[in-house]
Amino acid sequence: RSRRENHSALHHYASNLDIDYYRRYRLEQDLHYAIEREELFLEYQPKVDSWTGKIIGLEALIRWQHPEWGRIPPNDFIPLAEESALHVAIGDWVVDTACKTMKQWARAGAPAIPISVNVSPKRFLIPGFEHQIEQILTKYNLSPHLLELEITEAALIMDDPNISRTLEYVSQIGVRIALDDFGKGYSSMVYLQRYPINVVKIDRQFATHITDDAKAQAIVKSILYMAMEFNLSVIAEGIETLRQLETFRALNCPNIQGYLFSKPVSASVMESYLLREVLYPIEACSLAEDSV
Ligand code: C2E
Ligand code: MG
Ligand code: MG
Ligand code: MG
């Protein structure tokens, strides 16, 4: 079929049936050029120590500034990338950019802080990912301990030998592995036993319900207990209020991430946080809790 036929067929859909179909088609097309046109960029969100208020790590989150439609959220375009081979180039761009930026911050005099990147489950299926990671670390002369890969259960459910091999390899060289959105899906404990996981990220839905739902609290308690038994680090995501912070602290959750501290910010804003060694006034927060 010619391109023109395709286009008019789409037009038909767009005007009569499903406008989203057209948007989706355009996003998919435009995404092919997004890297070379420098429309992709990363934002960084701090991970904070629940007791000291210190920034203990950062999560890199991808953004796409579409020339016509403005910012497209990752949940709208990452799935499109994953349907094609594009997720490979985008995924590698993310790791490279995060590492490059970390190096720039270090040159500016910022203390070294570990950074995590989200990795599409499918990326693990493609042989050579582990070497790509290793190459990027070498290129920027970075300690592997400064890099963490956030994966979701979707990667582990596939139960593919490539996945375990890749995880074992990167883990051996010192890269950390975090299980993202924990508690959202099957949350099988077997994964924690079978794969070299270092960190469990408690899904945002628990933060949303933790202050008024005893069951959510009970689940978080058991995740924390299990993590302790497995010798894993834990971080709660999506903390927006002081009451949520207080509840997670009361449950002894060691690390916290969320809008309460900071939304994801640009590389230059993050550089200024790091240079100033920003300390979130957590103790002051908890004293003020009653008045909030
Ligand atoms: P995620 O990895 O679970 O990231 C957390 C999401 O929650 C981010 O949304 C973040 O901006 C948002 N968030 C952080 N704190 C709060 C809070 O206190 N309240 C609320 N309501 N939200 C909060 P974002 O950036 O839109 O990313 C959404 C998802 O897209 C990510 O979920 C991740 O699965 C995926 N993603 C983001 N960047 C990448 C990437 O570079 N590669 C891949 N493969 N996926 C990515
Ligand atoms: Mg994540
Ligand atoms: Mg998450
Ligand atoms: Mg998520």
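Which elements each supply at least two residues of the shell around ligand 1? They are β2, α3 (74–83) and β6 (176–182). Helices here are DSSP runs of H or I with at least four residues, strands are runs of E with at least two, and both are numbered from the N terminus.

This is a predicted model, in which local features need pLDDT of at least 70, side-chain atom pairs count only at pLDDT 80 or more, and totals for chains, interfaces and linings use all residues. Residues are numbered from 1 along each chain as its sequence is written, chains are lettered from A and ligands numbered from 1 in the order in which they are written, and side-chain values use heavy atoms, with hydrogens and water left out.

## The ligand site

Ligand 1 is surrounded by 22 residues. To be near it, a residue needs a heavy atom within 4 Å. The closest are R63, N118, D180, E240 and Y259. Strand β2 gives the most to this shell, with 4 residues.

On its own, ligand 1 has 800 Å² of accessible area, and the protein covers 84% of that. These areas come from the Shrake-Rupley method with a 1.4 Å probe. The space taken by ligand 1 is the largest pocket. A pocket is an open set of points on a 1 Å grid over the protein atoms alone, with protein on both sides within 12 Å along at least five of seven lines. A molecule sits in one if more than half of its atoms lie within 2 Å of its grid points.

## Strand β2 and residue I55

I55 is in strand β2, which covers residues 55–66. Is I55 buried or exposed? I55 counts as buried because its relative accessibility is 10%; buried means under 20% relative accessible area, exposed over 50%, and partly exposed in between, using a 1.4 Å probe and protein chains only.

Leaving out residues up to four places away in sequence, I55 touches P46, K47, I113, Y273, V278 and Y280. Contact means heavy atoms within 4.5 Å. I55 and L279 are 224 residues apart in sequence, yet their C-alpha atoms are 7.0 Å apart in space.

## Two helices

R26 lies in helix α2, residues 19–34. R26 is also buried, at 16% relative accessibility. Beyond its neighbours within four places in sequence, R26 is in contact with H66, E68 and W69.

Helix α11 spans residues 242–250. Of its 9 residues, 7 are buried, so the helix is largely enclosed by the rest of the structure. Those buried are L242, Q244, L245, E246, T247, F248 and R249.

## Positive phi angles

Just after α11 comes N252, with a positive phi of about 70°. N252 is in the loop between α11 and β9 (255–256). N252 is exposed, because its relative accessible area is 54%.

D181 is not a glycine, yet has a positive phi of about 55°. D181 is found in strand β6, one of the elements that supply the shell around ligand 1. How exposed is D181? With a relative accessible area of 23%, D181 is partly exposed.

Note on methods:
1 Å grid on protein atoms, 1.4 Å probe; cavity = no way out; pocket = protein on both sides within 12 Å on 5 of 7 lines; lining within 4 Å.
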